[in-house]
Amino acid sequence: MTIRSAPDIPIAHASSTGLITADDADRLADLLLSHLRAKVSPFTALPRPLLDGDVKAMIRMCLRWASERGSAAATADPATFLQVAAARWARADLPIEKVLHAMHVGFAQALEVVLPRAGTPSCARVIAWTTAAVELSDLCTGAISRAYVRELKAASGDHHTAVHTLTSALLAGQASSKVARECGISIADEYYVLAVRVAPHPDENRPGLDRHVVAGRKLRRIQSALTRQFQDRALAMLSVDGGTVLLPSGVCTEPELARAVEVVADYAAAPVTAVVTRCATDAIPAAARRTHELLDTTESIGIGPGLHKFDDLALQYQLTRPGIGRRILENRIAPLDDHPELLRTLHVFFHTDMNRRRTARQLNIHPNTIDYRLRRIGQLTGFDPSRSQGLWYLRSALVARAAGTPLTAASEFSAHAEPSRRSA
């Protein structure tokens, strides 16, 4: 698009330093603004107050900068002006890509205004104006970008503080409408409560790398993944190895939540295990405590990464609660402590869904040896693995025992067993 039809405004001879005179700059600014306002997208879609305010001031500032370019007494300072104006645009949620696009379109149109009005432009004059336009574009792009980044950091910091305050109040059972108003975040009637464990990134243990830096980057990627999927709806209190996430139940379905955990793991580039339950807002403190207890249990009994619903692990949770029942089960399986090969066989047997051939392959022994070991387990514990009741008691005893000895054979086995399937 050109503006050949616009009223002709001849340009006076430039000063010894600038490309145009100050008077020319003011006249051209008015002409350019009228043209942009009437015919040039994206300026035609801008609100009139913005055009008559920041846009007009910016055009005048840039053309005056061109008139003073190279002068020791230059007063035009587009960068300082943009630091303030762009901060307003960022707070008004004007996308930075649209701001920069409009700026570059404006520069292109400005060249079409200026060069034809300078008579037949010489090669040197075209080069001078193009060089000035590139220099000014670089100056303005940097100023706008810095202003947007500064506002984004400030907004992120304020939002992080608000999220931390509200999440802490919800987990403590002290959330109120007043707290919500102060934080600027509404409280839902019902939440998904997730207890989350994040495994170390492989580089956290790599020689020559700062594990704290690597872990910090992993945490920022996790927070980015949550923001991308749930915007500002996820209330998270996370460290580099996990934490708690509260998500309003209306934001997604349980299958979508399971997929979200997988996405978080992809961003983290590390396994992520989560236990979720759904509860009313006033039940969050108790629900968070139970989900974290069950998360510890999943690690003890070798349940793999992914999302696990509390309802699906209710039996495991109950078996690991302190009491006489758990002590009895632990005592009945205690004889296997002196026979680690039998204990490991039993773990693998249950993890392969009681498939003796798969168990034998995983342990690299003959299937008949599996049969022998299972009979021996029955003799030592009194629970017959060939009967359904015996299998039920043996599995229950393993779960109960794991709760009391999370770092013994129960967890050692998980390094050798096949990973369990993720819950939907």
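The legends below describe close-up views of a sheet and of helix packing in a predicted model.

Residues are numbered from 1 along each chain as its sequence is written. In this predicted model, local features need pLDDT of at least 70 and side-chain atom pairs count only at pLDDT 80 or more, while totals for chains, interfaces and linings use all residues; side-chain values use heavy atoms, leaving out hydrogens and water.

**View 1. An open sheet of 5 strands with mixed pairing.** The strand order is β2-β3-β1-β4-β5. Strands (E, at least two residues) and helices (H or I, at least four) are DSSP runs numbered from the N terminus, and two strands pair if DSSP finds at least two bridges between them. β2 (235-239) and β5 are the edge strands, each pairing on one side only. On average, neighbouring strands are turned by 20° against each other, direction ignored. Axes are lines fitted to C-alpha atoms, for helices over the stretch in contact, and angles run from 0 to 180 degrees between N-to-C directions.

**View 2. The antiparallel pair β2 and β3.** Strand β3 (residues 242-248) is joined to β2 by 5 bridges. M237 has T244 in β3 as its bridge partner.

**View 3. The parallel pair β4 and β5.** Between strand β4 (residues 272-280) and strand β5 (residues 306-309) there are 4 bridges. K309 in β5 is the bridge partner of V276. The chain passes from β4 through helix α9 (residues 284-300) to β5 in a left-handed β-α-β crossover. A crossover is right-handed if, with the strands pointing away from the viewer, the path from the first strand over the helix to the second runs clockwise.

**View 4. Helix α13 against α14.** Their axes are 8 Å apart, and the helices pack at an angle of about 105°. α13 and α14 are therefore roughly perpendicular to each other (65 to 115 degrees; under 35 counts as roughly parallel, over 145 as roughly antiparallel and the rest as oblique). R356, R357, T359, A360 and L363 of α13 make the contact (heavy atoms within 4.5 Å) with P367, N368, I370, D371 and R373 of α14. This contact of α13 with α14 has 4 nonpolar, 2 polar and 4 charged residues. Ala, Val, Leu, Ile, Met, Phe, Trp, Tyr, Cys and Pro count as nonpolar, Asp, Glu, Lys and Arg as charged, and the others, Gly among them, as polar.
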